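Visitor: I'm new to this one, and I'd like to learn how to read its sheets and helices. Could you walk me through it?

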Amino acid sequence: MPTSSLLRHVPAVLGMTVWCAVVLSAPAWGAEPVAPSGMPTEVRVERVRPKHEKYFTLRFLKANRDFIRARLDLLREEPGKSLADAAALDPRFLAYRELMQSALAGVDSVQASEDMRQRRELFASVTELGQLESQLDQLELLLAAQRTRLTALQADFTGHQRTELAVVARGLPADATMLSLTLTLEDGAPVIVTLTDAQRQSLREGGVLELFHGLIEPRDQVIALTLTGSRWPGGDSGFVSIAPARDRLTFLQLDFSRLQPEQGATSLRASTWLLETVAGLTDGAGAQP
Amino acid sequence: MDVHALKGWTARVTRGCCMGAILLVLAISPVSARDLAAFAARSGLDVAHAAAKVWAEDAVLVYVENDESVVGSGRSVRWGYLFFSPASQRSRAYSIREGRVIEAEDLSMDFVAPPVSAHWIDSESALAAADEKVGREFREKHGGVIGTMLLARGVFSDGSPDQTNWVLIYTSPGNPSLFVVVDATEGKVRRTWRG
């Protein structure tokens, strides 16, 4: 093939390459916005609640519910008299008590040994030195028992991150006074946060306000936001789609500083990100940008 | 470069872009239209359980059912899990696909059901047991398919109310369905009937 003929194909190949590079470097079509750990991702505040495809579930159960309920009714025992309510105790709490008791059991022994030690003024013999060593062993056992108890407490209360959402706000609009914000999670009750003067002042000076912090189901869902303020006395609503990751803390930040009174809630700047690690909580190096 | 050469060059760039677009569409379509991964019922339990514990701390699993067709050896693309909260006396269902909750809904009926036992055989083992006993013969003889697999406690176990069972329902056009009750703890077929 002559060189001139080859050269004629260069523009076509070049065009195809550039086009492919542009498209492949774009985000995947239809993909949910993913917030990598610590990196905030902008999310849109929509005026209309985004449509969610409805999936049927448990069809057989629903189609045969009368039959199945009737079968279950046969299994149920009806008590002759009412029983006192009693909630089941969490076995962990019983375990803590036992751990504490076993740890404290060593205290008396240590105290007795200490009294005996004070009655003797000098360690005159190798035997006494042996007794001291025994006391030190007891102290070590006591420390080990306390360490076990603390480890159990730590594992149960700080070791497991559940699926949580924290909604924080920052900034204030220049042309309007914010009075309150209502957050409504899917299948949840509205959370109304009324801003106090102190909170407004804090936001104005760059502070961050926590609006909500709680458990959330790990699934795609839509949060409804309703602002009320001097420019929106009747309230102005918007909707934010989020996808909380399982067993992670997801942050949703609402920035009011660029809120346009005319556009209302849809002009809110919202972003989301994940807390990096549990360790980040303990050393104060949280992932907030 | 004269005007004609420029036009030719532009046309070739445009053709290149078009070819690129076609290639990309061909490359992407198998991904977007790909088959979703089917999984055994237990594989989705962790995700459903995590969601249920957010809904109610005392939530217990009371019922499992395939939300899409059962394929292969007892897998489905989507399984539904029903949880019951004794404290609130309410039930909530989660539908799991590819390790994600894609549907969550409160059950709009009273459904006070006992929790299934902690240990239950997976859907693949249940189907294997049912197939071996009667299911395979039904499929071959009547051209039947497995329509529904459900896990519940006490519902289909006369005389053993504490027993957690898999119930498999084979269907065949023009024939009564075949019901097979498999003990979900021991993996043995306990009952079969047509209806």
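Guide: Start with helix H3 of chain B, residues 123-142, in this predicted model. H3(B) lies across E7, E8 (164-172), E9 (175-183) and E10 of chain B, and runs at about 155 degrees to E9(B).

Visitor: Which strands does helix H2 of chain B lie across?

Guide: Helix H2(B), residues 45-55, lies across E4 (78-85), E5 (90-97) and E6 of that chain. Its angle to E5(B) is about 145 degrees.

Visitor: In what order do the eight strands of the chain B sheet come?

Guide: Strands of a sheet pair through backbone hydrogen bonds, either parallel or antiparallel. Here the sheet is open, ordered E6-E5-E4-E1-E7-E8-E9-E10, with antiparallel pairing. At the edges sit E6(B) (100-106) and E10(B) (189-194), each pairing on one side only. From one strand to the next, the twist averages 20 degrees. Zoom in on E1(B) (60-66) and E7(B) (145-153): three bridges join them, and Glu65(B) has Leu150(B) in E7(B) as its bridge partner.

Visitor: Now chain A. Which side chains of strand E3 are buried?

Guide: In a regular strand the side chains alternate between the two faces of the sheet. In E3(A), residues 164-170, Leu165(A), Val167(A) and Ala169(A) point to one face and are buried.

Definitions and conventions:
Residues numbered from 1 in each chain as written. Chains lettered and ligands numbered in written order. Predicted model: local features only at pLDDT ≥ 70, side-chain atom pairs only at ≥ 80, totals over all residues. Buried ≥ 20, exposed ≤ 12 C-beta atoms within 10 Å, placed from the backbone. Helix = DSSP H or I, 4+ residues; strand = E, 2+ residues; numbered from the N terminus. Pairing = 2+ DSSP bridges. Axes fitted to C-alpha atoms, helices over the stretch in contact; angles between N-to-C directions. Contact = placed C-beta atoms within 7 Å.
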